[in-house]
Amino acid sequence: FEAVNFNKENTTAKLVGRGVMPGMFVIVASSRSNITSVADLKRKEIAVAAGTIIDYALDRLLMAEGVDPKDIVKVNVPSMPMRLEILNQGKIPAAIFAPPLSDLALISGARAILDDTKQPFAGPGLILSTRALKNKSEAINRCIQAWQQAVELVNAKPSKYRALLTEVASVPEPVRERVEVPTFSKLRLPTEIEINEVVSWMMGKGLMTRSLKLEEVADTRFVK
């Protein structure tokens, strides 16, 4: 998503590889609401950050369950901590979060309604400026090799890196003991279909006016 967003007007940066991990996005309902299923979300307000990847995720999650995003009421709350605060106060019936705020919402009593566990479509990625891609290919190769090796090390023994993960990710104290170290995925190139899905969504929202091809978004030299 971000690689497309960076290049929506001019090509300034490219993705060299991306991962896909489940549990990146979770739609939760306030404990004070009567929402217990996806169907209950219809005509309800859902707090989201408009025009961002989390907005894209909300639409994708809903459509995967047969719910038209037009059938819910989006409320733009760009700050995720603020989103959590108004959810906990019962000022909004539902919201969408990414970890660790999604974990904190559940600890605070919210109910998980829908997530991307069954159909993951997002994860960490590496985006570099076109200048860096032109002048620092050797360093980029080393960085990618280190990334792939780190994935192997963490996945082989997740518990060994738990403290480091919670520290680097600034995981809130109430969540630290409950957070599980995820299984990370190695970097791979996006597909033309994945790029087209994001471009189509952004054009439909009026966030960009030009179409993009894979080679305009991704540098295919580094990850095979």
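This is a predicted model: local features need pLDDT of at least 70, side-chain atom pairs count only at pLDDT 80 or more; totals for chains, interfaces and linings use all residues.
Phe121 counts as buried, at 12% relative accessibility; buried here means under 20% relative accessible area, exposed over 50% and partly exposed in between, with a 1.4 Å probe and protein chains only. The rings of Phe121 and Tyr56 have their centres 6.1 Å apart and their planes at 90 degrees, so this pair is edge-to-face. By definition, rings of Phe, Tyr and Trp (its six-membered ring) pair if their centres lie within 6.5 Å; planes under 30 degrees apart count as stacked, over 60 as edge-to-face and the rest as tilted. Tyr56 sits in helix α2 (residues 53-64) and Phe121 in the loop between β6 and β7, so the pair links distant parts of the chain, 65 residues apart. Tyr56 is also buried, with a relative accessible area of 6%.

Residues are numbered from 1 along each chain as its sequence is written, and side-chain values use heavy atoms, with hydrogens and water left out.

Let me return to the aromatic residues. How many aromatic pairs are there by this rule? The count comes to five. In one of them, Phe25 and Phe121 are stacked, at 5.8 Å centre to centre with 15 degrees between the planes. Phe25 lies in the loop between β1 (13-18) and β2 (26-29), and Phe121 in the loop between β6 (111-115) and β7 (125-129), so the pair ties together parts that are 96 residues apart in sequence. Phe25 is buried as well, at a relative accessible area of 5%. Phe1, Phe25, Tyr56, Phe121 and Trp201 form one aromatic cluster.

I turn now to the chain as a whole. It has ten helices and seven strands, taken as DSSP runs numbered from the N terminus (helices H or I, at least four residues; strands E, at least two). Of its 224 residues, 40% count as buried. Among contacts between residues at least 6 apart in sequence, 77% join residues at least 24 apart, where contact means heavy atoms within 4.5 Å.

What are the overall dimensions of the C-alpha trace? Along its principal axes, the trace spans about 55 × 45 × 25 Å.
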